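Please open the model in your viewer and keep the sequence panel beside it. The stops below say what to select next and what is to be found there.

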Amino acid sequence: MALNGSSRSVRLLFGQIQRCPLGPTNHTVFQLPVRCVTQAAPKLEPRAEDEKAVNPIFENRNPRNLEQLALAVKDRGWKTTWPPQDFHHMLMLTRTQRNATAEVFSCSSPGPVLSCSTKEWALKRQLHSTYCVVACQALGEVLAHRCKQAGITRMVLMSIPWTFRSDAVQAFRKAMKEGGIILNEPRRKYVGT
């Protein structure tokens, strides 16, 4: 009786299995004669006509690409404006009697892209004084790290000429350079059309 029940289930199983169809189909897929319960749909191969079509909508996924290749156009502005506007990223160090603040500006945004200040508690608790030479050096190290994380490696340091020679600005500049930031932008390449 048990043998008869198992043979019945085997017969039902073999009855459900069908032979895969052989012969030519409308797709050029080579099929081997295989027993299967279900058959997967054949994959369509791409046609050459589909590859020639060009998408009319172009989306630039890396807008800073031209800037990094030195091909992007910079706004020159007037020669009498201060600070000059011919930059992609500009670094400004501002020192007051109590604090020092460094900000990175982009030519396309009115506000700072990155900023760092000795008013921040993480810097303030590590420093004895928040406006001395050592504070500007620490400010340069922290801002260089933040710029590397943001992917900004080249920028122009704008400072008033008579404050550029001070020890604090020189320590800030040296810390930024040691942090891997290049403090000038590449010259623009002019490509003929």
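## A buried cysteine

Begin by selecting Cys116, which counts as buried because its relative accessibility is 1%, where buried means under 20% relative accessible area, exposed over 50% and partly exposed in between, with a 1.4 Å probe and protein chains only. Before going further, note that this is a predicted model, in which local features need pLDDT of at least 70 and side-chain atom pairs count only at pLDDT 80 or more, while totals for chains, interfaces and linings use all residues. Residues are numbered from 1 along each chain as its sequence is written, and side-chain values use heavy atoms, with hydrogens and water left out.

If a disulfide is taken as a pair of cysteine sulfur atoms within 2.5 Å, the count comes to 0 disulfides. Cys116 is in no disulfide, and the nearest cysteine sulfur, that of Cys147, is 9.3 Å away. Select Cys132 next: its sulfur lies 7.3 Å from the closest cysteine sulfur, in Cys136, which is too far for a bond. Cys132 counts as partly exposed, at 28% relative accessibility.

## The whole chain

Now zoom out and colour by secondary structure, for which helices (H or I, at least four residues) and strands (E, at least two) are DSSP runs numbered from the N terminus. The protein has 7 helices and 6 strands, and along the sequence they follow the pattern α-β-β-α-α-β-β-β-α-α-β-α-α. Of the 193 residues in the protein, 26% are buried.

## The four-stranded sheet

Which strands make up the open sheet, and in what order? There are 4 strands in the order E5-E4-E3-E6, with mixed pairing, two strands being paired if DSSP finds at least two bridges between them. Select residues 112–117 for strand E5 and 156–158 for strand E6, which are the edge strands, each pairing on one side only. From one strand to the next the twist averages 20 degrees, with axes being lines fitted to C-alpha atoms, for helices over the stretch in contact, and angles running from 0 to 180 degrees between N-to-C directions.

Strand E4, residues 100–106, pairs with E5 in the antiparallel sense over 5 bridges, and a hairpin of 5 residues joins E4 to E5.

Select residues 133–150 to show helix H5, which lies across strand E3 (89–95), E4 and E5 and runs at about 145 degrees to E5.

## The salt bridge

How many salt bridges does a search of the whole structure find? The search finds 1 salt bridge, defined as a side-chain nitrogen of Lys or Arg within 4 Å of a carboxyl oxygen of Asp or Glu. Show the side chains of Arg146 and Glu120, which meet in a salt bridge at 2.8 Å, N to O. Arg146 lies in helix H5 and Glu120 in the loop between E5 and helix H4 (121–124), so the pair ties together parts that are 26 residues apart in sequence. Arg146 counts as partly exposed at 26% relative accessibility, and Glu120 is partly exposed with a relative accessible area of 26%.

Technical notes
Contact means heavy atoms within 4.5 Å.
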